[in-house]
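Open your viewer and get the selection tool ready. We'll go stop by stop, picking a stretch each time and seeing what is there.

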Amino acid sequence: MRGILVDWLIEVHTRFRLLPETLFLAVNIVDRFLSAKIVELDKLQLVGVTAMFIAAKYEEVFSPGVQYFRSVADDGFTEEEILQAERYVLTTLNYNLSYPNPMNFLRRISKADQYDYETRTVAKYLLEISLLDHRFMGYAPSHVAAAAMYLSRMMLERGPWDADLVHYSDYTEEEVLPVFRLMIDYLARPVKHEAFFKKYASKKFMKASIHARQWAKRNASAHGVNIESTTHEDSR
């Protein structure tokens, strides 16, 4: 259910044209709250929409009002319910919204390739995989960002993981490989998260989801990823 919720949050995030940081913070809020509280299934969407509401207030210059979040949830909750949930979530988290956002690490690593637009666009797509697949939760945001840049550069044939990239990412090639393989594993399997796939299938994002999946299917075995024998549970 977590994967379904996050896929919907990506759709909401895209509709409101919010910053990438807002999406990552929203999912972080969801995960931290769910680790502290047991939530009934019919309230899971309320947690998600509230997390996005809070994250937008924190990250955006102009954040959408509560009425827009009520509307995007198909009026399943009243504005007062969202505001009450906001207070409850923030109290549960002790009003601590500090989070090492992976987008910040991705931007730092981009210094090593002069902020190449194509590389960073594909890397953003790869970075968002970590929001949907629970297997990435055991890795630091900086580690996932490094792996996203590593795989993006490989797909676009941008050259080796050199000393500058190691310096700005703080990860060697050997260290990024476990996360790199998880990304390939996700990409080489059938699409499970439609909103996420459609978002990055657009021209705006260079059809990254289409090209990345094609690349992964061709190259998975060459990088030690056995799709047939690996159990994948990204639908959680």
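Start by selecting residues 100–214, which UniProt, in an unreviewed entry, annotates as "domain: Cyclin C-terminal". UniProt positions follow the numbering used here, feature names are shortened, and annotations may be inferred rather than shown by experiment. Keep in mind that this is a predicted model, where local features need pLDDT of at least 70, side-chain atom pairs count only at pLDDT 80 or more, and totals for chains, interfaces and linings use all residues. Residues are numbered from 1 along each chain as its sequence is written, and side-chain values use heavy atoms, with hydrogens and water left out.

Colour your selection by secondary structure: residues 100–214 are 66% helix and 0% strand, with the end C-alpha atoms 31 Å apart. Helices (H or I, at least four residues) and strands (E, at least two) are DSSP runs, numbered from the N terminus.

Residues 7–91 come out at 74% helix and 0% strand, and 26 Å lies between the end C-alpha atoms. For residues 104–185 it's 71% helix and 0% strand, with the ends 25 Å apart by C-alpha.

Now give two colours to domain 1 (1–93) and domain 2 (102–222), as the domain assignment has them; such bounds come from an automatic or database assignment. Their centres, taken over C-alpha atoms, are 25 Å apart. Where they touch, 14 residues of domain 1 meet 17 residues of domain 2, contact meaning heavy atoms within 4.5 Å.

How much area is buried between domain 1 and domain 2? About 1300 Å², with carbon and sulfur atoms giving 69% of that.

Zoom in on Glu 21 and Arg 107, a salt bridge whose closest N and O atoms are 2.3 Å apart. The rule (a side-chain nitrogen of Lys or Arg within 4 Å of a carboxyl oxygen of Asp or Glu) finds one salt bridge across this interface.

Last stop: select α1 (2–16) and α2 (20–36), which each supply at least two residues of the side of domain 1 touching domain 2. Which helix gives the most to that side? It's α1, with eight residues.

Note on methods: Buried area is the accessible area (1.4 Å probe) that two parts lose on being put together, summed over both.
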